[in-house]
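Let's take a walk through this structure together, starting with a few local details and ending with the whole chain. Keep the 3D view open as you read.

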Amino acid sequence: MTQIHRRRLLQLSGAGAFAAATGGLAGILASGRAPAFAQEQTLHWVRWSDFVPASDVLLKGPITDECKKALGITLRLETINANDIQARITSAIQSGAGPDIMMSIGNWVQLYGTSLADVGDVAEAIGKDQGGYYDISKNVATYNGKWVGVPWATVGGLVAYRKSWLAEVGFDGKFPATWDEYRTAGKKLKANGHPYGQTAGHTFGDAPGWWYPYLWSWGGKEVEADGKTVAINSKETIESVKFAVALWKETMDEGGLAWDDSSNNRAFLSGSISATNNGASIYIEAKKKPDTYLTDKGTPMKDDILHAPIPGGAGGQYNLPGPHTDMVMGYSKNQDTAKKFFTWVHSKPVFEEWFTSQQGFADGATKVWESDPVWNADPVLTPFKNVPQQGRLAGYAGPPNQKAAEVITKYIIVDMYAKAIQGMAAEDTVKWAHDELTKVYSA
């Protein structure tokens, strides 16, 4: 696979002896315990600022404390805006120094494969102990056949919508299943002052999370199955762009061109929009503060929220899941310590604490978490259980490899639609996207 060199990388993104004593990695995973170490060790771990703040509180508090007691490791967890993660990774790789562990979202890990440590022993043991990984998690965490990341979880999107407002326009107890139905309902909703809300900006999750499934639902794709032949300039893609322009003007809050991943959350919770594709965080926040987030009738908004898949078209119905992967940096002098930490934190008793705190916002990377009680706690969140099984990864119909990661990092698919929304002819914006994709896939 083609390597991305140092200058290119900047352009793109601005456990042996201890295991034996405890019955091997599988023994530690089963017990949730690991031996104490005489010498104090420190691990610096960079993650996103979670959209479920309680999970960050848990990681930085109780789990950090438990880690020190169980492993003798001082865990220094740093949380940053997800849109800043890629630049932080690049800076660390370029300087050869920085955090020991860094989080990757989606297929970003493919951009850095040659700069990461091999974590195959730990990753394989966790997967074996927990029913195996979902394909989406394994496919992004392996590079040239080598595990370069330990899958953590998967976060995906469903459409959060105000069920009373949808009922007012003829969709009582259901959400539009097709794009024509979605457009029909959206026209009425916008006329009532309740537009949909999506972003077409450069933001890591919500923009690709909407526009990639939208493209696929029309039968469009960026590349053929060979991962080389650019296929974006098709009748299906052009038709999708034309429809998107009308959809945007007739149904959407047109300020969404400038939104980041938190903007639609705020818009929904303020009552400005009626529906938006998002993780479960909107509902979780409304549920957390029922007296703060109210409907126009003064009732708790949480009771007026449901979730549904993105509408489908002739090409099918899809979502773009976001596998979360932890990367041990190749420059780190604490690689063995990091592996010990992964073995411990992914043990069922420890990881269960974090998984429960997510309340359904995240799915597990391994299949054992499908049967976790969290999915029976609140029926409004239960639909998120199926996100890993129903998704496609960026790069379809090819693999989610380094080139596909470059494409999503450059927002080429998102910009194809954004340019048309701002006035460029559909044929011209698709031709532009074809040219940009060709530069990537032919390099």
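Find the loop between strand 11 (362-364) and helix 16 (402-409): Ala397 has its place there. In this predicted model, a cis peptide bond joins Tyr396 and Ala397, with omega at about 10 degrees. Why stop at such a bond? Because most peptide bonds are trans, and most residues other than glycine have a negative phi.

Gln359 is not a glycine, yet its phi is positive, about 60 degrees. Look for Gln359 in the loop between helix 15 (348-358) and strand 11. Is Gln359 buried, partly exposed or exposed? Its relative accessible area is 30%, so Gln359 counts as partly exposed.

The other residue is Asn144, again not a glycine, with a positive phi of about 50 degrees. Asn144 belongs to the loop that runs between strand 4 (142-143) and strand 5 (146-147). With 53% relative accessibility, Asn144 counts as exposed, because the cut-off for that is over 50%. Now step back to Tyr143, which lies in strand 4. Here the relative accessible area is 5%, so Tyr143 is buried.

Let's return to Gln359 by way of one of its contacts. Ile284 sits in helix 13 (residues 281-288), and with 7% relative accessibility it counts as buried, because buried means under 20%. Which residues does Ile284 touch, not counting those up to four places away in sequence? They are Val52, Gln358, Gln359, Phe361 and Leu381.

From here we can turn to the interior. In soluble globular proteins, nonpolar side chains tend to be buried together. The largest nonpolar core of this chain has 141 residues. Trp48, Ile85, Trp211, Phe341, Trp344, Trp354 and Tyr417 are the ones with the most contacts inside that core. Helix 17 (residues 412-421) supplies the largest share of the core, 8 residues.

What is Trp354 in contact with, leaving aside neighbours within four places in sequence? The partners are Arg47, Asp50, Ser55, Leu58, Leu59, Ile63, Trp152, Ala153 and Ala362.

Finally, zoom out to the whole chain. Its secondary structure comes to 18 helices and 11 strands. Along the principal axes, the C-alpha atoms fill a box of roughly 65 × 55 × 35 Å. A compact globule of 443 residues would have a radius of gyration near 22 Å, and the chain's own 22 Å agrees with that. Of the 443 residues, 59% count as buried. The accessible surface amounts to about 16,600 Å², and 50% of it belongs to carbon and sulfur atoms. As for charge, there are 43 positive and 47 negative side chains, and the centres of the two sets lie 3 Å apart.

How values were computed
Residues numbered from 1 in each chain as written. Predicted model: local features only at pLDDT ≥ 70, side-chain atom pairs only at ≥ 80, totals over all residues. Heavy atoms only, no water. Core = buried A, V, L, I, M, F, W, Y, C linked by side-chain atoms within 4.5 Å. Buried < 20%, exposed > 50% of the residue type's maximum accessible area, 1.4 Å probe, protein only. Helix = DSSP H or I, 4+ residues; strand = E, 2+ residues; numbered from the N terminus. Contact = heavy atoms within 4.5 Å. Rg over C-alpha atoms; globule rule 2.2 N^0.38 Å. Areas by Shrake-Rupley, 256 points an atom, 1.4 Å probe, with all protein chains shown as cover. Lys, Arg positive; Asp, Glu negative; His and termini not counted. Charge placed at Lys NZ, Arg CZ, Asp CG, Glu CD.
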